[in-house]
Amino acid sequence: MERENFGNRFGVLVAMAGSAIGLGNLWRFPYLVGSYGGAAFVFVYIFCVFLLCLPIFMSEVIVGRRSHANAYGAFKKLAPGTKWKWLGAVSVVTPIIVVSYYSVVGGWSVEYFFKALTLEFTAGATQAEMGTMFGRFISSVWAPITGHTIFLLLTAFIIIAGVKSGIEKFGKVMMPLLFVLIIFIAVRAATLPGAGEGLKYLFQPDFSKIDASVCAAALGQAFFSLSLGVGTILTYGSYVSRNENIIASSTYTATADFLFAMLASCAIMPAVFAFGLNPQEGPGLVFETLPFIFANMPLGWLVAILFFLALIVAALTSSISLYEVGVAYLVEERKFSRRGASVLVFLIAWVLGILCSLSFGPLSDLHIFGQTIFNFFDKLSANVLMPVGGLLLVIFVGWVMKKADVLDEMTNGGSLPGNRRISGFIYFLIRYICPLAVAAVFLSALIF
Ligand code: TRP
């Protein structure tokens, strides 16, 4: 069977940016900024994204495009008969774990979108009431499972439609819409009285706040936000055609992802400060603090609807990238039909997701290594599987693949003069700097 490719450069960009931009930008990044000291965290994050993670991103695209195969097949093709195929195997399993808990949070967004539509965030509500509402919701049985199911079904429908007419088409409509939505919300937030403090918090770094834990959190977030280390970018890279410019597409994606994270923070932090709230709310920021703000600000009902719509859209374009990894594997290595593969991935992710969801309620006492199921999945993938996967992947590109092949991918056989000039530097980052830095941060996180 002919392998599909993305249609053009814009298609590649929206698909990759769609994968990158997600709950990581709207939900995780703002609360990390809040917990790790504001602009100082942003400052470290910029280094992590552009100096360390962007070369890893390019490496994943290179492995994908060089092999034109799924995450498992890629290593079998590029390093036949070696143990590297095990990295491929892990890269197929991890995204299914991630998509299961990702879809639970996607389901929360679906529920909150409906709450916003039915005007449940009413003026006069206190923040404590919003907290109680959220706590009650996630610890219940049926409502969050329903949200998870709806969200995962939406993901499956887009996947079944295919690479070009599903993933790419959806991204082309949704990614521009997403930027329009977030800009509108950011402008509304930045013009609230008292918003200036929030902007200062975001843009005026206090360098004394930078320490090892800030660096580890920033690098972890950069990995998560760029979808690295678990085969998603590799799989999307395998749909990139020979004449696309890998360095350019990767750089645009990282830039769009960073800009979106900043826009999301500009939508959230000023409002938090304008209402005199604590920015260090943690994971509850989006589902507890924001609804309170929406309930009490002019035009808040509209902003609430748009915000949760944006959250669903952003999460969907990411969850399809996670889902596609398993589907590509099953279709190419196990000879499934696309539909059959989608159904199987759905069933696995659905069951695992239900367990995650229940771990906020009836299963909250069930612990794996001292963590609830949801936290265990989250920590295992974000703190272990992603960094280790990313580390092994850059080592593969920097030390196992032939240098000539890597440069060939970066310059399209030498035909891109601009890329020829910088490819040596990028190769140096891939071979020495990225593995050392990622290993150092990973180890320091284990030790402290
Ligand atoms: N990057 C997405 C986000 O920021 C989530 C995501 C998609 C992801 N694919 C991934 C995270 C692969 C880790 C690994 O929300």
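**Reading pockets, cavities and cysteines**

User: How many residues in the lining of the largest pocket are nonpolar, polar or charged?

Analyst: The lining divides into 23 nonpolar, 7 polar and 3 charged residues, where Ala, Val, Leu, Ile, Met, Phe, Trp, Tyr, Cys and Pro count as nonpolar, Asp, Glu, Lys and Arg as charged, and the others, Gly among them, as polar. The model is predicted, so local features need pLDDT of at least 70 and side-chain atom pairs count only at pLDDT 80 or more, while totals for chains, interfaces and linings use all residues. Residues are numbered from 1 along each chain as its sequence is written, and side-chain values use heavy atoms, with hydrogens and water left out.

User: Where is the centre of that pocket, and which helix gives the most to its lining?

Analyst: Rolling a probe the size of a water molecule over the atoms shows where empty space is left. On a 1 Å grid over the protein atoms alone, a pocket is an open set of points with protein on both sides within 12 Å along at least five of seven lines, a cavity is a set where a 1.4 Å probe fits but cannot get out, and lining residues have an atom within 4 Å of a point. The largest pocket has a volume of about 770 Å³, and of its 33 lining residues the closest to the centre are Arg 28, Asp 378, Lys 379, Ala 382 and Asn 383. Two or more lining residues come from each of helix 2 (23-35), helix 6 (127-139), helix 10 (212-225), helix 16 (373-400) and helix 18 (417-447), and helix 10 gives the most, with 8 residues. Helices here are DSSP runs (H or I, at least four residues), numbered from the N terminus.

User: How many cavities does the search find, and what lines the largest cavity?

Analyst: The whole structure holds 5 cavities of 30 Å³ or more, with volume taken as the space filled by probe spheres set on the grid points, which are joined across faces, edges and corners. The largest cavity has about 140 Å³ of space, and Ser 19, Tyr 102, Phe 224, Ser 227 and Leu 322 are the closest to its centre among 18 lining residues. That lining divides into 9 nonpolar, 9 polar and no charged residues.

User: How many disulfides are there, and is Cys 434 buried or exposed?

Analyst: The count comes to 0 disulfides, a disulfide being a pair of cysteine sulfur atoms within 2.5 Å. For Cys 434, the nearest cysteine sulfur is that of Cys 53, 7.7 Å away. Cys 434 is buried (under 20% relative accessible area, with a 1.4 Å probe and protein chains only; exposed is over 50%, partly exposed in between), at a relative accessible area of 0%.
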